[in-house]
Every structure is written in C-alpha cells, then in structure tokens.
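Here is a friendly walk through one structure, for reading alongside the sequence and the 3D view. Please keep both open as you go.

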Amino acid sequence: MEVDCENCAGCCVDWRALADVPERANHERRGPQEPLDDAYNLVPLTREDVRAFLDAGLGDAMTPRLWTAREGPSVDVQGREVAAIEGKPAFFVGLRKPPKPVAPFGADPHWLPSCAFLDPETLKCRIHDSNVYPEECAEYPGHNLALGVATECERVEARVGGERLLDDEPPEDLSSLLFGPQAVGEKVFAYPDPGGLPDGVLDRLAAGDLTDRDRAHFVAVAAASAPGTTAVEPERRRNAFETARDAESWVGEAVREWARRADRDEPDPGLGEVVEDARGAPETPGWDALDN
C-alpha cells in the first residue's frame, strides 16, 4: 500500500463542498442504520485508543456516534429508536471535527469540518506516530483495501483528480478486522443504563451541540468496556467519566474558538498558529521536511 497524502487530507476533512458531491454519495449513510450526527468519515476509536487519549489529558477530543435504527435490533432512548446490542444503545467513539480554515487539493481556503488534530496550514496530523495516534488512522486505507471497498483516496481521485492511492495492495501486517461479536467492547460499545443519560442528549448529538459532560458519559463507558461483551467495569467508568468531563486540553479550547471564528473570520489556514499552536498543540514539520 502506498498513498500520496500531500495537500490532500481527504480522510481528515469533509471536502465534499469543494467538489459538489451529491448527498446520495455519502457512504456512511447507506446501511440499515443512519448516524445521528452529520460528521463525515468519523474514525472509530478502539477501547485502547480511548484510554490512551484519557491518559494524555485529551478526553475532550472525543465524541460519540449513535445510529437511528432503520432495521435490526433497536431500543427507544428519549423518543428516538437507536441501534442496540442486547437492548442497550450501541455507539462508536470518534474524534471531534470542528470547522477549520483549510485549502486541500490546491483549492481556495474554506471553512470545512476537519479532524481536531489536523494542522490546517500543513494539512498534516499533529499526533502522527505519537502514542495516541489511532489504530484506524495508522492503517488507513489498508482495511478498505483488504475488504475490497472504496477508499477515501479513490473518492478524492474520482471527484478532484490526481493520484492518491499509488499501490492498492493491502499491508501484510494489518491488525485484525473486527466484525460482529469481536467488535463489541473493542470498537462498538453498548451504553448499559440509557435511562441515566442527561435529558436531551440525543437531540444535542443530532444538532452538534453536545456538552463536555454529555461526551464524557459515552467516553467513560467505552474506556470501561470489556472485549467481546457489553459488560462495563464500574470503578474504571467512574474514574474515566471524571477524567473526560474535567479535561481542559488545547483541543477543547481550540474547538470552541474555531466555532466562533468560523462565523466571523475569513478562512485563513495560518490561524492554526494562534488557535492551536499557541495553546500547546504539537507542531507538524510540513511536507518539505519529508522530502529532504
């Protein structure tokens, strides 16, 4: 597998507005369940990823995804029929995607939903190769290639042109693909007591208005889950909830400022220096450093 990511970040940015991609082309919304949120390419974190983010003080970088159930097992939560495992709401945990001023593919800068860890100026990941770099990001698009499904590289090529996927042979050292029962407690989690969720949390999720406390409830369950089951360890859950709820990292502060600036500022990728770098975000070397 070989990819050309320079000046792309197509898997980190919702770039569809730059290419008039029709809504029906949304690959995340074709199955029997439809995400409540409108994030594009939400990266599903593993339980170990979630724990690593919490340990690094980045609990405010994560957000949950639940699905409206069109068919299959479901449960009613706050008036919404959501996909369920053993009668408990099923969910992923991913990374937040605030609007950022980015200019992929040589386009003019635009405010586009982007991964919380994407440097808007270099279009490189701020946590690449670090101990919190998610497994799914490290192996992308390897799993897609192994499954024979389209990659984001190919979607970008089809709409924008250029060559992104240079070698479509899946890596030999891919981690195992998680499906069905294997994924439960590892990448797909089950909320054990939805009656205790804050009032209106699913409406806020659908509106993109989750609070830190809302997100912490789901992050805590994911961190305290056990592989292959819907069991949740109570003490780990309590500790993880407090850690996630009280997190005050550069990510959380930057997400709030990006939202404010998107409503008033011109989309200048150089703003990353004052919004993220100045708050302690890891710097990225830029693409020229890789060429030398």
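Helix α6 (residues 212-223) packs against helix α7 (residues 234-246) at an angle of about 145°, and their axes lie 8 Å apart. Axes here are lines fitted to C-alpha atoms, for helices over the stretch in contact, and angles run from 0 to 180 degrees between N-to-C directions. Helices (H or I, at least four residues) and strands (E, at least two) are DSSP runs numbered from the N terminus. The crossing of α6 past α7 is right-handed, meaning that the near helix is turned clockwise from the far one by less than a right angle.

On the α6 side, the residues in contact (heavy atoms within 4.5 Å) are Asp212, Arg213, Ala216, His217, Val219, Ala220, Val221 and Ala223, and they meet Arg236, Arg237, Ala240, Phe241, Ala244 and Arg245 in α7.

A word on the source: this is a predicted model, in which local features need pLDDT of at least 70 and side-chain atom pairs count only at pLDDT 80 or more, while totals for chains, interfaces and linings use all residues. Residues are numbered from 1 along each chain as its sequence is written, and side-chain values use heavy atoms, with hydrogens and water left out.

Both of these helices also turn up around helix α1 (residues 47-55). The buried residues of α1 are Arg47, Asp49, Val50, Arg51, Phe53 and Leu54, and they pack against β3 (62-65), β7 (88-95), α2 (135-139), β13 (189-190), α6 and α7. Buried means under 20% relative accessible area, exposed over 50%, and partly exposed in between (1.4 Å probe, protein chains only). After α1 comes Gly57, with a positive phi near 75°.

Next, some individual residues in loops and in a helix. Asp14 sits in the loop between β1 (2-3) and β2 (33-35). The side chains of Asp14 and Arg16 are joined by a polar contact of 2.7 Å; such a contact is a pair of N or O atoms within 3.5 Å, where within protein one must be able to donate a hydrogen and the other to accept it, and residues adjacent in sequence count only if both atoms are side-chain atoms. Leaving out residues up to four places away in sequence, Asp14 touches Tyr40, Leu112 and Pro113.

Ala103 is found in the loop between β8 (99-102) and β9 (110-113). The C-alpha atoms of Ala103 and Pro269 are 7.4 Å apart, although 166 residues separate them along the chain. Asn144 belongs to helix α3 (residues 142-147).

The table gathers relative accessibility for several residues.

| Residue | Relative accessible area | Class |
|---|---|---|
| Asp14 | 12% | buried |
| Ala103 | 19% | buried |
| Asn144 | 13% | buried |
| Gln78 | 34% | partly exposed |
| Asp129 | 65% | exposed |

How many disulfides are there? The count is 0, with a disulfide taken as a pair of cysteine sulfur atoms within 2.5 Å. The sulfur of Cys115 is 5.9 Å from its closest cysteine sulfur, in Cys12, so it is too far for a bond.

Finally, the backbone. Most residues other than glycine have a negative phi, and most peptide bonds are trans. Gln78 is not a glycine, yet has a positive phi of about 50°; Asp129, also not a glycine, has a positive phi of about 70°. The peptide bond from Tyr140 to Pro141 is cis, with omega near 5°, and Pro141 lies in the loop between α2 and α3.
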